[in-house]
Amino acid sequence: MAIPKHDEVRLPLLKLISDGGIYTQKSSVEKLQIFFDLTEEERNATLSGGKSVFNDRVHWAKFHMKIAGLIDFPRRGEFQISELGKELLSRNLDKIETSTLMEFPAFQAFLDRSKKKSINQPNDNGSSSVAVIEKVQEESMNTPYEMIEHSFEELNTILADELLDKLKEMDFFKFEDLVLDLLVKLGYGGSKEMAKQNTKRTGDGGIDGIINADRLGLNKIFVQAKRWSDTNIGRPEIQKFAGALDGFGGNNGIFITTSSFSKDACDYVKVLPNKKIILIDGQQLAQYMIEVGLGVSVEKVYEVKRLDLDYFIEE
């Protein structure tokens with residue numbers, strides 16, 4: 001048989017771990033290779049970067065089910081079925097389609113972030129829109145450039161989610177250092193060394209750091225960093241930060257969090273007189289880190305080449 005696609009791996013993988021045991025990528029791949037009766041050639045098939053094709057498809061099956069909440073990760077590199085996963089198995093499905101994953105809000109939010117929902121959902125049934133998207137992808141109606149663009153967006157969304165998970169586990173002071181590194185890479189504070197000299201942890205007044213936006217220190221930016229998990233930051237927290245700026249004679253501030261901001265908080269900063277406060281939520285923080293290459297590394301570079309018509313012009 002052909003190597004199964006990642007959507008075909010989902011249900012067998014979930015059934016495999018339904019015993020409640022702890023599994024790793026390696027152990028699940030080995031058992032699924034036997035389940036699918038893969039030949040030696042299929043087991044050894046690799047992508048252009050040297051990765052195992054089947055290993056990669058098991059990874060994506062596992063990751064998409066993790067996003068939907070069907071799989072838990074109790075420890076690094078280990079996973080097990082969740083209560084949601086057990087409930088889904090009780091429905092005796094023949095296959096876990098993307099439309100099935102879309103029933104879970106977390107997965108729907110993931111697709112929203114990765115901009116894959118390019119077709120409006122009907123009011124009565126969101127799954128039919130997903131079925132249309134899958135059909136479009138299956139029949140390769142998108143141009144190769146569009147397919148590359150969509151895949152790139154999805155990979156970045158996944159990477160951003162993984163970054164956020166790591167940020168929420170960080171020591172708070174280490175997180176403050178990371179925020180400083182990011183602001184330097186975004187062009188604030190001059191060199192990293194200069195920025196560190198001009199940054200101080202006040203420990204009071206609602207300010208976590210102060211950096212110079214110019215080399216002479218004439219323009220200071222005050223930073224508040226909140227390494228929170230799921231708490232939505234509301235207007236009161238931003239009001240406290242705005243008040244703290246007054247105590248330091250500041251007009252410019254950046255409030256960075258690993259969680260998110262309420263609508264009231266976002267509306268409040270828009271009407272602040274004589275102050276400019278930028279709000280950076282967890283998703284934007286992760287995207288900035290990807291953009292400047294902070295905490296991430298390049299895995300593989302693909303070159304897209306075109307015909308050089310000038311070469312063929314006869315003089």
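The legends below describe close-up views of a predicted model.

Overview. Residues are numbered from 1 along each chain as its sequence is written, and side-chain values use heavy atoms, with hydrogens and water left out. The chain has 14 helices and nine strands, taken as DSSP runs numbered from the N terminus (helices H or I, at least four residues; strands E, at least two). Of its 315 residues, 38% count as buried, that is, under 20% relative accessible area with a 1.4 Å probe and protein chains only. Among contacts (heavy atoms within 4.5 Å) between residues at least 6 apart in sequence, 63% join residues at least 24 apart.

**View 1. The crossing of helices α2 and α4.** The axes of α2 (residues 25-35) and α4 (residues 53-68) come within 10 Å and cross at roughly 115°, where axes are lines fitted to C-alpha atoms over the stretch in contact and angles run from 0 to 180 degrees between N-to-C directions. The two helices are therefore roughly perpendicular, a term that covers angles of 65 to 115 degrees. To this contact α2 brings Gln25, Ser28, Val29, Leu32 and Gln33, and α4 brings Phe54, Asn55, Val58, His59 and Lys62.

**View 2. Gln25 in helix α2.** Gln25 is found in α2 and, at 16% relative accessibility, counts as buried. Leaving aside residues up to four places away in sequence, Gln25 touches Asn55, Val58, His59, Lys62, Gly77 and Phe79.

**View 3. The largest nonpolar core.** A nonpolar core is a set of buried Ala, Val, Leu, Ile, Met, Phe, Trp, Tyr and Cys residues joined through side-chain atoms within 4.5 Å. The largest one has 35 residues, and those with the most contacts inside it are Leu13, Leu14, Ile17 and Phe54. Two or more residues each come from α1 (6-16), α2, α4, β3 (78-81), α5 (83-89) and α7 (105-113), and α4 gives the most, with nine residues.

View 4. Not counting residues up to four places away in sequence, Leu13 touches Ser28, Leu32, Val58, Ala61, Lys62, Met65 and Phe79. A second, separate core of 24 residues includes Leu178, Ile256, Ala286 and Met289.

Technical notes. Predicted model: local features only at pLDDT ≥ 70, side-chain atom pairs only at ≥ 80, totals over all residues. Parallel < 35°, antiparallel > 145°, perpendicular 65-115°, else oblique. Buried < 20%, exposed > 50% of the residue type's maximum accessible area, 1.4 Å probe, protein only.
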